[in-house]
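Here is a short note to read beside the model. Please keep the structure open as you go through the points.

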Amino acid sequence: FWSLLSLLSQATLMSVVIWQACDPFADAAQWIGDTFRVPGSVRGATLDAIASSMPELLSGIFFVLAALSVAGNHEGAMREAGAEGYGSTIATCAGSAVYNMILIPAICAIYISFYRKGRPTIDVDDEVIVRDGIWFVVCQMLLIVFLFQNTMDWWMAVVFIGLYALYVVHLTRDAAQYRQKFDRVKEANTSLGNRATVDDVVAALTSDGIKVSRELVEKAHSRPVGDLEEPSSHAESSVFFGFVNVRLNQVSAFSIIAVSTVVAAIACYFLVEVTRDTARLFDIPIFFVAVILAAAVSSVPDTFLSVGSAKRGDDSGAVSNAFGSNIFDICICLSIPLLVNSYLTGWEPVRLMQDGKPMAGLVGLRILLVTLTVTTLGIMWHKRQITRTKAIVLCGLYALFIGYAVFGSLKILF
C-alpha cells in the first residue's frame, strides 16, 4: 500500500511540475501567436499544441532510452528492450490522444456549463471539425494501418513528419487568409466610421464577397490600426503558481520557452521511472500503466490550456488545441522516439509481435482508437455543440477506455 501511495504521490508531483513548466511556455507561445496575428484555431492547433504535447514527446524519448540503457550490448536484448520502450511510447501517445479527444472537451463543457450561464455550451466551429478533425482522422488511420504491421520501421517516422509538415502548410495558408481578412475588416472600420456596428461591417464585407465572422470583427475593433504588437505589449507570464510575473517580450518569451523545456524534461524523466516502477510493483506490462498513468499526467497542460481558452470565450481554440495536440502526438511524439530507437539499435525495426502474438494491449488499442474517434466526432458534429449531457457521455467513454486498461492488465481482455 505504502509503495503504491508513494508512486502515486510522485506521479502527482510530476504532473504539477509539468503543469507549471508548460503554463509559462503556453503564455510565451500565445504572446508569439498574438504578436503575429495568428488566429485562435490555428494557434491552438500549433503553438498551444506543441506547448502542451511537449511532455508526451520527452516521455517517449525517455521510455526508449530507459529501456535500452538496461539491455546491455547483446543485439537480441537491444531489439527486445527497444520494442518494450517504444511500446510504452505508443501507449503514452495513444492514451494521451484518447484523453485529449474525449476528456478535455468534456471537462471544458462541464466547466463552461456552470461558469458561462449566458452560453453554457462549447460551440464547435465547422472549420475546427472540417480542418483539424479530418487531419486528425487521417493521421490516426495511418497510425492504425502501421500498428497492424508486424514491425514499425524508421521510414514510417519520416512519413509522419512529412504529414505534419503538410498540416503546418495548410495552417500557414489559413493564417495568411486570416490576416488578409483582418486587414479588410480594419479598412471597413475606417471607411464606415466609428459608429459602425459589427453587423454593419459584416454586411459591408459580405456585399464585397468577403465572408468574415462576428468574432473577427469584434477582435479587430479592439486593436489599433496598423499595430500588430500593441495587444501583447503589456502581457505577462505567471510563474510559480502566479507568485512571479514576467513581462513578455522577444527575449523573455524565448527564454521562458527554453527554461520550461528543461524543467519539463526533468519531470518527464522521473515520470517514466514512476511508470516503470508501478508496472514492476503490480507485475503487469508497462504498456497498460503508460496508457493511463503516463498519458494522463502528461496531458495535464492540455487540460488547463483548453479550459483557459474556453473561459476566455475561445471555444474554437479549446477544441482545436485538443485536435492539434493529437496530431502532434501521432506525427511527432511517435516519430522522434522511433528514430531515436532505430538509430540506437542499428536501424532495426521495432517488433510489434511477441511470441507470435501482437504486443500486449495492442489489439484492444487498435479497436478502441477507431471506435472512440468515430463516436466522439459524431457527438461533436451533432449541432456543433458540446453540452453538459454530451460531456457526461464523453466521460463514460473514457471510463470505458480505463476499463480496457484495467482488464487488459489482468489479462481478461485483449
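1. In which helix is Val128 found? Val128 sits in helix α5, residues 126–147. Helices here are DSSP runs of H or I with at least four residues, strands are runs of E with at least two, and both are numbered from the N terminus. Val128 counts as buried, because its relative accessibility is 1%. Buried means under 20% relative accessible area, exposed means over 50%, and partly exposed lies in between (1.4 Å probe, protein chains only). Ile32 is 96 residues from Val128 along the chain, and their C-alpha atoms are separated by 21 Å.

2. A word on the source. This is a predicted model, in which local features need pLDDT of at least 70 and side-chain atom pairs count only at pLDDT 80 or more, while totals for chains, interfaces and linings use all residues. Residues are numbered from 1 along each chain as its sequence is written, and side-chain values use heavy atoms, with hydrogens and water left out.

3. Now the whole protein. The protein has 15 helices and eight strands. Its radius of gyration is 22 Å, close to the 22 Å that the globule rule gives for 414 residues, so the protein is as compact as a globular protein of that length. The radius is taken over C-alpha atoms, and the rule is 2.2 Å times the number of residues to the power 0.38. Along the principal axes, the C-alpha atoms fill a box of roughly 75 × 45 × 40 Å.

4. Of the 414 residues, 52% are buried. The accessible surface is about 18,400 Å², and 65% of it belongs to carbon and sulfur atoms. These areas come from the Shrake-Rupley method with a 1.4 Å probe; for residues, only the protein chains shown count as cover. Among contacts with a separation of 6 or more, 78% join residues 24 or more positions apart. Contact means heavy atoms within 4.5 Å.

5. Look at helix α6, residues 154–192. Its 39 residues should span 57 Å at 1.5 Å a residue, and its end C-alpha atoms are 57 Å apart, so the two values agree. The expected span is 1.5 Å times one less than the number of residues. Just after α6, Gly193 takes a positive phi of about 95°.

6. Arg179 counts as partly exposed, because its relative accessibility is 27%. Phe36 is 143 residues away along the chain, yet the C-alpha atoms of Arg179 and Phe36 are separated by 9.1 Å.

7. Which residues does Thr303 contact, leaving aside its neighbours within four places in sequence? They are Tyr99, Ile104 and Ile107. Thr303 lies in helix α11, residues 300–311. With a relative accessible area of 11%, Thr303 is buried.

8. Check two backbone angles. Most residues other than glycine have a negative phi. Trp347 is not a glycine, but has a positive phi of about 60°. Trp347 lies in the loop between α13 (335–344) and β5 (350–351), and counts as partly exposed at 45% relative accessibility. Lys383, also not a glycine, has a positive phi of about 60°. Lys383 lies in the loop between α14 (362–381) and β8 (385–386). Lys383 is exposed, with a relative accessible area of 62%.
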